[in-house]
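Here are my notes on the model, in numbered points. Please read them with the structure open.

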Amino acid sequence: MEGFNVRKDGEKLFFNVRAVPNAKKNETAGIYNGALKIKVKAPPENNRANEEIRSFVAKKAGIKKNRVALVKGGKSRDKIIAVEGLSLENFIKKMEDADV
């Protein structure tokens, strides 16, 4: 995915997400201004879309959900997500793999 920006800080990886709630299925949908665009079925109410994004990223990366944190953007489409437990190269490869 050209233009997908991931930053490493200590043991954590940080990346920007452009959320698209109320989608037909959970999937990555390319890049939007340097952010990974993630579509989720959940609505943006009661933190449901945020939790579904965390679950989706964890499943796609092959890690536990508690290793994926929403750092910024709880009430916005533009978010910053932190991930622990993967190398930078491994994380990018898993995000580029076919959708789960």
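By about how much of a helical turn are Glu 51 and Arg 54 separated in helix α1? They are three residues apart in that helix, and therefore separated by about one helical turn.

1. Basis. This is a predicted model, in which local features need pLDDT of at least 70 and side-chain atom pairs count only at pLDDT 80 or more, while totals for chains, interfaces and linings use all residues. Residues are numbered from 1 along each chain as its sequence is written, and side-chain values use heavy atoms, with hydrogens and water left out.

2. Glu 51 and Arg 54 form a salt bridge with the closest N and O atoms 2.9 Å apart (a salt bridge is a side-chain nitrogen of Lys or Arg within 4 Å of a carboxyl oxygen of Asp or Glu). Lys 65 also forms a salt bridge with Glu 51, at 2.8 Å between the closest N and O atoms. Lys 65 lies in the loop between α1 and β5 (68-72), so this pair ties together parts that are 14 residues apart in sequence. Helices (H or I, at least four residues) and strands (E, at least two) are DSSP runs, numbered from the N terminus.

3. Arg 54 is buried, with a relative accessible area of 16%. Glu 51 is partly exposed at 27%, and Lys 65 is partly exposed at 31%. Buried means under 20% relative accessible area, exposed over 50%, and partly exposed in between (1.4 Å probe, protein chains only).

4. Lys 25. This residue sits in the loop between β2 and β3 (27-32). Its side chain meets that of Glu 27 in a salt bridge (3.8 Å, N to O). Lys 25 is partly exposed at 47% relative accessibility, whereas Glu 27 is buried at 18%. Lys 25 also touches Lys 39, Val 40 and Lys 41, not counting residues up to four places away in sequence (contact means heavy atoms within 4.5 Å).

5. Core. The largest nonpolar core has 22 residues, of which Phe 15, Ile 38, Val 57, Val 83 and Phe 91 touch the most other members. The elements giving two or more residues to this core are β2 (12-20), β4 (35-39), α1 (48-61), β6 (78-84) and α2 (88-96). The most come from α1, with six residues. A nonpolar core is a set of buried Ala, Val, Leu, Ile, Met, Phe, Trp, Tyr and Cys residues joined through side-chain atoms within 4.5 Å.
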